[in-house]
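Please look at the model below with its ligand in view.

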Amino acid sequence: MPFPIHRPRRLRRTESLRSMVRETRLSLDGVIEPHFIVPGTNVRRPIDAMPGCAQLSVDVFVEECRRSRGLGIPAVILFGLPEHKDATGSAGYAVDGIVPRAIEAVKGAVPDLIVWADVCLCEYTDHGHCGVLHDGEVDNDRTLPLLARAAVAYARAGADGIAPSDMMDGRVGAIRDALDESGHAQIPIMAYAAKYASAFYGPFREAAQSAPRFGDRRGYQMDPPNVREALQEMALDLDEGADILMVKPALAYLDVIRAARERFDVPIAAYNVSGEYSMVRAAAALGWVDADRLILEILTAIRRAGADIVLTYFARDLARLLRA
Ligand code: PBG
């Protein structure tokens, strides 16, 4: 029955009414805060392209985690910047590498914080690609055992979960096998299943010093126009043993999040990536947008699209805004 019987505005009249009929509610429960760990002590190096974010040495990182936990943030994900890079990214799977050290330290100090370890070689290879090279190409199958070694090293250090972001075929299965064989059958895998070759990662490559020295990542990350292929990637990762499926980036891929939500009955994660963060900060610095309202709107949209879990550099902003 049309107007004047139906007046949708009736339920929008006051904040209490709006709140009563709100379909999507934000909370910190599904939030994961990314961190970049660098060698040294007492290091806090601001990331120019990501105002408010910094590379942290392990000691400072631990203090920041204590604060995050105190603010109600339940989880972090770690990216490591090693002292030395080489052709195979060996610092990425060294048992005493920067990420295992950070995991051990933080689990000792803040045991109830969930610690996810990103697994990829791009921060550790001197060429900046996510796998090892063979004849000028990223060699999928030679990369798998190295990713598996990294996953085991991080699990052994105490990581609560492993999140492979390299986009090699078969890596979830390789990592699952290696974890199971090394006594880590209980460690979940959050697969960056539908990870697109995106310009939205620009600021991250400064943060993680992981830009490829030649070429780009289009030979392994997904082509942005494709959504059926994303569902195929997700089905494969599930078959290989993924516990959580991730879509990345988030904001330009809300349709992919929605499609994943409708197709699969496992938790869906979305990565609100560096470029999505920096655009808000830059526009806010120019006085063109209200950052706080944008943050709430963006995170609501990602949740509304169907994500249970959101990886976001806005974690602390959200904690503050939810308290307000
Ligand atoms: C590494 C990795 C990237 C991101 C997460 N893991 C960068 C890339 O693939 O180039 C991007 C995160 C962000 O932009 O916030 N493979």
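Q: An oxygen atom of the ligand is how far from an N or O atom in the side chain of Q221?
A: This is a predicted model, in which local features need pLDDT of at least 70 and side-chain atom pairs count only at pLDDT 80 or more, while totals for chains, interfaces and linings use all residues. Residues are numbered from 1 along each chain as its sequence is written, and side-chain values use heavy atoms, with hydrogens and water left out. A polar contact is a pair of N or O atoms within 3.5 Å, and the distance from the ligand oxygen to the Q221 side chain is 2.8 Å.

Q: Which residues come nearest to the ligand?
A: A residue counts as near if one of its heavy atoms lies within 4 Å of the molecule. The side chain of R205 has an N or O atom 2.6 Å from a ligand oxygen, and for S274 the corresponding distance is 2.7 Å. Of the 17 residues around the ligand, the nearest are K195, R205, K248, S274 and Y313.

Q: About how much space lies in the largest cavity?
A: A cavity is a set of points on a 1 Å grid over the protein atoms alone where a 1.4 Å probe fits but cannot get out. The ligand takes up the space of the largest cavity, where a molecule sits in a cavity if more than half of its atoms lie within 2 Å of its grid points. With volume taken as the space filled by probe spheres set on the points, the largest cavity holds about 130 Å³.

Conventions
Polar contact = N/O pair within 3.5 Å; in protein donor to acceptor, adjacent residues only side chain to side chain. 1 Å grid on protein atoms, 1.4 Å probe; cavity = no way out; pocket = protein on both sides within 12 Å on 5 of 7 lines; lining within 4 Å.
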